[in-house]
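Student: I would like to learn how to read a structure, one feature at a time. Could we start with the aromatic rings?

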Amino acid sequence: MTERVTRWWKWKQTDWTKGRGQSAAARKDARRERHATPERSTPPTPINSARPSARLKHTHREQIQKQETEQLLATPLQISREKMVAKEAMPLLTAHKLGRFDLSHRVVLAPLTRCRSYGSVLQPHAALYYSQRATKGGLLISEATDVSVTAKGYPETPGIWTQEQVEAWKPIVDAVHRKGALFFCQIWHVGRVSTNDYQPDGKAPISSTDKQITPDAEAGIAYSKPRRLEIEEIPAIVDDFRRAARNAIEAGFDGVEIHGAHGYLLEQFMKDSSNDRTDEYGGSLENRCRFAVDVIDAIVREVGADRVGIRLSPFVDYMDCYDSNPHALGAYMVEQLNKHQGFLYCHMVEPRMAIVDGRRQIPHGLLPFRKAFNGTFIAAGGYDREEGNKVIADEYADLVAYGRLFLANPDLPKRFELGAPLNEYNRTTFYTQDPVVGYTDYPFLDGSIAE
């Protein structure tokens, strides 16, 4: 580039200095004389000769000079754009059609419990948290949101069963939409992962069973003994999910994600370690999945299959909730999802990672479910940039959900694009109630905390 600049500058100096002190007409005549084709003492070269004419040489020289001038005048942004177009697209940053929605990249914000919604009502500081992580054409999934007063098991989690809660969500959803992102509300009921303190009137948490979760000595948590739901009570819980989905759409969300993973109420029914029922909601695989299927059916009827996704974790052993045949469980649930034409997505969690040569290794056990499911398939579970790109390129998943990395790096898609270093997350601030620390204070690449 430096050599081209020098040649261009010398040429312009020659052209300018030779004409100084002359009239415009004189300078024009002088240029015509300098560029005129000299008289020949030999016959002109035939047109089909290999040696070009002097006029062609001159025209070629003008074209080169014009190109060099245009290159010099091009802005850095134009050059950068040209390089980006020429560069092969990173799999994670390619577009994807999510039902009726158009995604510009495949990096999804996973649902993350944040415990900063005082009195079960989302607070204004959530607008900054979510909008920080919103990009045009990106997909965000909200923190798990209680479907009813009995659904709570953690401090200061948001709800969506009252009108006050719906109104509190609206400006947060609007803030995400102003950034051009899509926003889905994850709705849940924790079931027995709770204590009497969280339940109305200090009653026992509800579940598929009356078996208590083993106390967590490390965390110092002892979950209360649950109460087994009577069969006639189950339709009311299904209706809580239906109403929550309707409220989410009213709040402006683009859709809902049913939380059917990680040992919460739906999984307490689905998995044989926690379902010891002998009625139509227990025993066989079909019966154990009946409650989850009832919830899915009700929500699809209420808001449409094209606005509904679900999170499943058939391999995960969490809160004493595991299954003796996770492959059969996952396959059966995918089969049920496919019965709803246009069911939007299946968000599935990888089996527990192993440590190989000092590095976490993702088992990649979801391929059969990805092949069987008709809609968009989202994989989650310890992915980094390299693994995420690989599973997209291999068509193992359509989208990849990132939790802790996205929490600590609000501009994660940009960092992936540039190969930039990542902020480290701080586990000690994951579930505190501070409205800033560990919530909205993770910096962007330029050092700011708001964008």
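Tutor: Ring pairs link Tyr129, Tyr130, Trp169, Phe183, Phe253 and Tyr439 into a cluster. Rings of Phe, Tyr and Trp (its six-membered ring) pair if their centres lie within 6.5 Å; planes under 30 degrees apart are stacked, over 60 edge-to-face, and the rest tilted. This is a predicted model, in which local features need pLDDT of at least 70, side-chain atom pairs count only at pLDDT 80 or more, and totals for chains, interfaces and linings use all residues. Residues are numbered from 1 along each chain as its sequence is written, and side-chain values use heavy atoms, with hydrogens and water left out.

Student: How is a ring pair described, and how many aromatic pairs does a search of the whole structure find?

Tutor: A pair of aromatic rings is described by the distance of the centres and the angle of the planes. The search finds 18 aromatic pairs. Tyrosine 129 and tyrosine 439 are stacked, because their ring centres are 4.5 Å apart and their planes lie at 5°. This pair links distant parts of the chain, 310 residues apart: tyrosine 129 is in helix H5 (residues 125–132) and tyrosine 439 in the segment after H15. Helices (H or I, at least four residues) and strands (E, at least two) are DSSP runs, numbered from the N terminus.

Student: Are tyrosine 129 and tyrosine 439 buried or exposed?

Tutor: Buried means under 20% relative accessible area, exposed over 50%, and partly exposed in between (1.4 Å probe, protein chains only). Tyrosine 129 has 1% relative accessibility, so this residue is buried; tyrosine 439, at 1%, is also buried. The rings of tyrosine 130 and tryptophan 169 form a tilted pair, with centres 6.5 Å apart and planes at 45°. Tyrosine 130 is in H5 and tryptophan 169 in helix H6 (residues 163–178), so the pair ties together parts 39 residues apart in sequence. Tyrosine 130 is buried at 1%, and tryptophan 169 at 0%.

Student: Which residues have the most contacts inside the largest nonpolar core?

Tutor: In soluble globular proteins, nonpolar side chains tend to be buried together. A nonpolar core is a set of buried Ala, Val, Leu, Ile, Met, Phe, Trp, Tyr and Cys residues joined through side-chain atoms within 4.5 Å. The largest one here has 89 residues, and Tyr130, Phe291, Ile299 and Tyr402 have the most contacts inside it. Apart from that core lies another, of 15 residues, including Phe101 and Leu344.

Student: How many disulfides does the structure hold?

Tutor: A disulfide is a covalent bond between the sulfur atoms of two cysteines. The criterion is a pair of cysteine sulfur atoms within 2.5 Å, and the structure holds 0 disulfides. Cysteine 185 is buried at 0% relative accessibility, and cysteine 289 is buried at 0% as well.

Student: Where is serine 324, and what does its side chain contact?

Tutor: Serine 324 sits in the loop between strand E10 (308–312) and helix H11 (326–338). With a relative accessible area of 62%, serine 324 is exposed. Its side chain makes a polar contact of 2.4 Å with the side chain of aspartate 272. A polar contact is a pair of N or O atoms within 3.5 Å; within protein, one must be able to donate a hydrogen and the other to accept it, and residues adjacent in sequence count only if both atoms are side-chain atoms.
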